[in-house]
Amino acid sequence: MIEIQIGEGFVGSGPNAAHTNTILGARSGPAGVAWATALATPRAGHVPFMVVAQPGIAVTPPTLFVNKAAVENDQHGLFTWGAAQAGVAAGVGEALRAGVIDVNKTDDLVIVAAVWLNPSANDEEEVFRNQRQAMIDALTNGKSGKPTAADVMKATENVANPFFRQ
C-alpha cells in the first residue's frame with residue numbers, strides 16, 4: 001500500500017503556466033487526514049473542492065483541488081473552477097490509464113492537488129493543457145521519487161525559477 005507520494009510539476013510560461021504539487025496516499029493515513037482537514041477548513045479566497053470529470057462524476061481517487069492563489073476576479077474564478085479543474089481531472093485520468101496510479105487501489109487512496117493559477121491567466125485552453133501536464137508530471141514524479149538528492153544537489157548549484165535567477 002502507498003503510504004504517501006509527494007510530487008511537483010511545472011509546465012508553461014507566462015500567466016497561463018501551471019505549477020502543481022501533489023500528495024497521493026492512503027485514505028486511512030496522513031494523506032487522508034490532510035485531505036479531510038483541507039476540505040473542512042476553507043478560508044477567504046481559498047475554498048478546496050473535489051475535482052469532477054463531469055457534473056456528478058467525481059474523479060477517483062478522490063482529488064481535492066486547493067488553490068494557491070486567492071480568486072481575484074470573475075475570470076480567475078471561472079478559470080479555476082473550469083479549465084484548471086478540468087486539467088487536474090484529465091491529468092488524474094491519464095495517470096490512471098498510464099498506470100501511474102494503480103486502478104485497483106483507487107478506493108484506498110486520495111489526492112491533494114495544490115494548484116497555482118495566475119490571476120492574470122488569459123487563455124483557458126492553455127491553462128487546461130498546462131494544468132493537465134503539470135498534474136501528470138507531479139503524480140509521475142511522486143511515484144518515481146523525483147527529484148533525487150543528486151538532482152537537487154546539481155540544481156542548487158545554479159538556482160532559478162520563473163521569478164529569480166541566481
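Asparagine 21 has alanine 114 of strand 7 as its bridge partner. Strands here are DSSP runs of E with at least two residues, helices are runs of H or I with at least four, and both are numbered from the N terminus. Residues are numbered from 1 along each chain as its sequence is written. This is a predicted model, in which local features need pLDDT of at least 70, side-chain atom pairs count only at pLDDT 80 or more, and totals for chains, interfaces and linings use all residues, while side-chain values use heavy atoms, with hydrogens and water left out.

Now the pairing around strand 7. Two strands pair if DSSP finds at least two bridges between them. Strand 2, residues 18–26, pairs with strand 7 in the antiparallel sense, over eight bridges. Leucine 24 stands opposite isoleucine 111 of strand 7.

Which strand runs parallel to strand 7? Strand 6, residues 63–67, does, and five bridges join the two. Valine 66 stands opposite alanine 114. From strand 6 the chain passes through helix 2, residues 74–97, to reach strand 7, and this β-α-β crossover is left-handed. Right-handed would mean that, with the strands pointing away from the viewer, the path from the first strand over the helix to the second runs clockwise.

Why is strand 7 largely enclosed by the rest of the structure? Because seven of its eight residues, 109–116, are buried; that is, under 20% relative accessible area, with exposed over 50% and partly exposed in between, using a 1.4 Å probe and protein chains only.

Last, strand 1, residues 4–11, runs antiparallel to strand 2, joined by eight bridges. Valine 11 has alanine 18 as its bridge partner in strand 2.
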